[in-house]
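Visitor: Hey, I'm new to this one. Can you walk me through it?
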Amino acid sequence: MKKGKIYVVGMGPGNKDNMSFKAFDSMEKSDILIGHKTYISLVEDMFPEKELIRSAMKKEVDRCNETLKLAESGKIVSLISSGESGVYGMAGIMLEVALDSDIEVEIVPGITASNAGASVVGAPIMHDHATISLSDLLTDWELITKRIDLASQGDFVISYYNPKSFSRTTQIVEARDIMLKHKKKETPVAIVRNAKRDKEEFVITTLEDMLNHEINMFTVVIVGNSKTYVKNGKMITPRGYKL
């Protein structure tokens, strides 16, 4: 029997223009593409001949188990994530599920939401930065707030994932209040929705004013450090080069 293989693909924002050659090639080589239904919808037109398996939120472990079974049956499978498969994606859990299997698992990196969002507004993460998810489904909120506080004290640029949803509306407010203890209210903030996708929107605002703009689950919020500035509509965090 043909031996299967698993590609864990970070497909970036999801369009071909912002997808690596390796990500596209991995999916093209695969017999089956499996992923959350939103991510499958982004690539189904690129691979109309492929078998597509759609999965729901909170079914990540089931998705990985199904992927492993398909590979063990001899199929080449791409388990897809938007952004980077190793940053809030499927790489870690897929490797854990496959630990006792002899199936090869190859991680295929992609453009993160933070990188995509940063490119839309300029160069805000040129210096040391932290990435924090505000979803407390898998991480205690007390630990998340500690990370926000310490990253703010350290003057990191901070990129926030999963900043707000229908059921989680207060976390971004608390995060902003924590940052205001250590960052100036004039600190530039970029709010980017649907980065590098259809209906892309962004606004550059301030830490004080950021909550007056729309923020949802398709948004990445990038908060500058003490040196970040805005000029000619671009948000820039200087690295320290002498001009």
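This is a predicted model: local features need pLDDT of at least 70, side-chain atom pairs count only at pLDDT 80 or more; totals for chains, interfaces and linings use all residues.

Visitor: Okay, is F47 buried or exposed?
Guide: F47 has 1% relative accessibility, so F47 counts as buried.

Visitor: How many aromatic pairs does the structure hold?
Guide: There are two aromatic pairs. One of them is F24 with F47, a tilted pair at 5.0 Å centre to centre, with 35° between the planes.

Visitor: Where do F24 and F47 lie?
Guide: F24 is in helix 1 (residues 21–29), and F47 is in the loop between helix 2 (37–43) and strand 3 (51–55). They are 23 residues apart in sequence, so the pair ties those parts together.

Visitor: And F24, buried or exposed?
Guide: F24 counts as buried, because its relative accessibility is 17% and the cut-off for buried is under 20%.

Visitor: What lies over the face of F24?
Guide: That's K16, at 4.4 Å from the ring centre.

Visitor: Back to the pairs. Y88 and Y161: what are the distance and angle there?
Guide: Y88 and Y161 are 5.0 Å apart centre to centre, with 55° between the planes, and this pair is tilted too. Y88 sits in the loop between strand 4 (76–81) and helix 4 (91–97), while Y161 is in strand 8; the two are 73 residues apart, and the pair links these distant parts of the chain.

Visitor: New topic: helix 6. How many residues has helix 6?
Guide: Helix 6 has 13 residues, 141–153. From the first C-alpha to the last, helix 6 reaches 18 Å, close to the 18 Å expected.

Visitor: Which residues of helix 6 are buried?
Guide: W141, I144, T145, I148, A151 and S152. They cover an arc of only 130° around the axis, which means they are on the same side of helix 6.

Visitor: What covers the buried residues?
Guide: The cover for helix 6 includes strand 7 (129–133), strand 8 (157–161) and helix 7. On the face turned away from the buried side, helix 6 carries the exposed residues E142 and K146.

Visitor: What comes just after helix 6?
Guide: D155 is there, and D155 takes a positive phi of about 60°.

Visitor: Last one: where is T187 found?
Guide: T187 is in the loop between helix 7 (171–179) and strand 9 (188–193). T187 is buried, with a relative accessible area of 7%. Leaving aside neighbours within four places in sequence, T187 is in contact with T205, T206, L207, V223, G224 and N225.

Technical notes. Residues are numbered from 1 along each chain as its sequence is written. Side-chain values use heavy atoms; hydrogens and water are left out. Helices (H or I, at least four residues) and strands (E, at least two) are DSSP runs, numbered from the N terminus. Buried means under 20% relative accessible area, exposed over 50%, partly exposed in between (1.4 Å probe, protein chains only). Contact means heavy atoms within 4.5 Å. The expected span of a helix is 1.5 Å times one less than its number of residues. The arc is that of the directions from the helix axis to the C-beta atoms. Rings of Phe, Tyr and Trp (its six-membered ring) pair if their centres lie within 6.5 Å; planes under 30 degrees apart count as stacked, over 60 as edge-to-face and the rest as tilted. A charge sits over a ring if NZ of Lys or CZ of Arg is within 6 Å of the ring centre and within 35 degrees of the ring normal.
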